[in-house]
Amino acid sequence: MRLVTRRLNRYKDEHKALLKEATTLLELALWKTSLDDKNGGVLEEEGVRTTRGKRKRARKDKSVTSGASIVIKNVLPFLQLE
């Protein structure tokens with residue numbers, strides 16, 4: 001019986017690690033999708049040079065507004081063990 005309990009606990013721990021990795025990948029995928037929108041994620045106009053700092057700020061702003069927290073909050077309950 002103890003062997004079964006230990007295996008169950010090990011599988012639950014493995015599941016938590018995989019769930020954390022999947023959540024991270026989902027967040028990165030959503031962020032990349034928001035960067036690849038029709039504007040390219042950065043406000044660039046023809047003939048106007050964009051600085052590296054401006055691009056970095058735009059990417060950071062996109063990571064905050066990608067909506068990943070909302071999606072993950074609603075997807076996570078379907079992936080968790082009870």
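These legends describe close-up views of a predicted model.

**Figure 1. Overview of the protein, with 3 helices and 0 strands.**
From the N terminus on, the order of elements is α-α-α. The chain has 82 residues, and 13% of them count as buried. Among contacts between residues at least 6 apart in sequence, 74% join residues at least 24 apart. The views that follow concern helix α1, residues 2-35, and helix α3, residues 68-79.

**Figure 2. Packing of α1 and α3.**
Two packed helices are described by the angle between their axes and by the distance between those axes. For α1 and α3, the angle is about 150° and the axes are 10 Å apart. Angles over 145 degrees count as roughly antiparallel, and α1 and α3 are therefore roughly antiparallel to each other. The crossing in which α1 passes α3 is right-handed.

**Figure 3. Residues at the meeting of α1 and α3.**
On the α1 side, the residues that meet α3 are His15, Leu19, Thr23, Leu26, Glu27 and Leu30. On the α3 side, Ala68, Val71, Ile72, Val75, Leu76 and Leu79 take part. Thr23 and Glu27, both named here for α1, are shown separately in the next two views.

**Figure 4. Thr23 and its contacts.**
Thr23 is placed in helix α1. Which residues does Thr23 contact, leaving aside its neighbours within four places in sequence? They are Ile72 and Leu76, and both of these belong to the α3 residues that meet α1. Lys73 is 50 residues from Thr23 in sequence, while the C-alpha atoms of Thr23 and Lys73 are 9.8 Å apart in space.

**Figure 5. Glu27 and its contacts.**
Glu27 also has its place in helix α1. Its relative accessibility is 42%, so Glu27 counts as partly exposed. Not counting residues up to four places away in sequence, Glu27 touches Ala68 and Ile72. Ile72 is also in contact with Thr23. Between Glu27 and Ser69 there are 7.8 Å from C-alpha to C-alpha, and 42 residues in sequence.

**Figure 6. Trp31 in helix α1.**
Is Trp31 buried or partly exposed? Trp31 has a relative accessible area of 23% and is partly exposed; the term buried applies under 20%. Trp31 and Gly67 are 36 residues apart along the chain, and 8.2 Å separates their C-alpha atoms.

**Figure 7. The salt bridge between Glu14 and Arg10.**
How many salt bridges does the structure hold? There is 1. Glu14 forms it with Arg10, and the closest N and O atoms are 3.5 Å apart. A salt bridge requires such atoms to be within 4 Å. The two residues, Glu14 and Arg10, are 4 residues apart in helix α1, which means that about one helical turn separates them. Glu14 is partly exposed, at 41% relative accessibility. Arg10 is partly exposed as well, with a relative accessible area of 44%.

Conventions. Residues numbered from 1 in each chain as written. Predicted model: local features only at pLDDT ≥ 70, side-chain atom pairs only at ≥ 80, totals over all residues. Heavy atoms only, no water. Salt bridge = Lys/Arg side-chain N within 4 Å of Asp/Glu carboxyl O. Buried < 20%, exposed > 50% of the residue type's maximum accessible area, 1.4 Å probe, protein only. Contact = heavy atoms within 4.5 Å. Axes fitted to C-alpha atoms, helices over the stretch in contact; angles between N-to-C directions. Parallel < 35°, antiparallel > 145°, perpendicular 65-115°, else oblique. Left-handed = near helix turned anticlockwise from the far one by under 90°.
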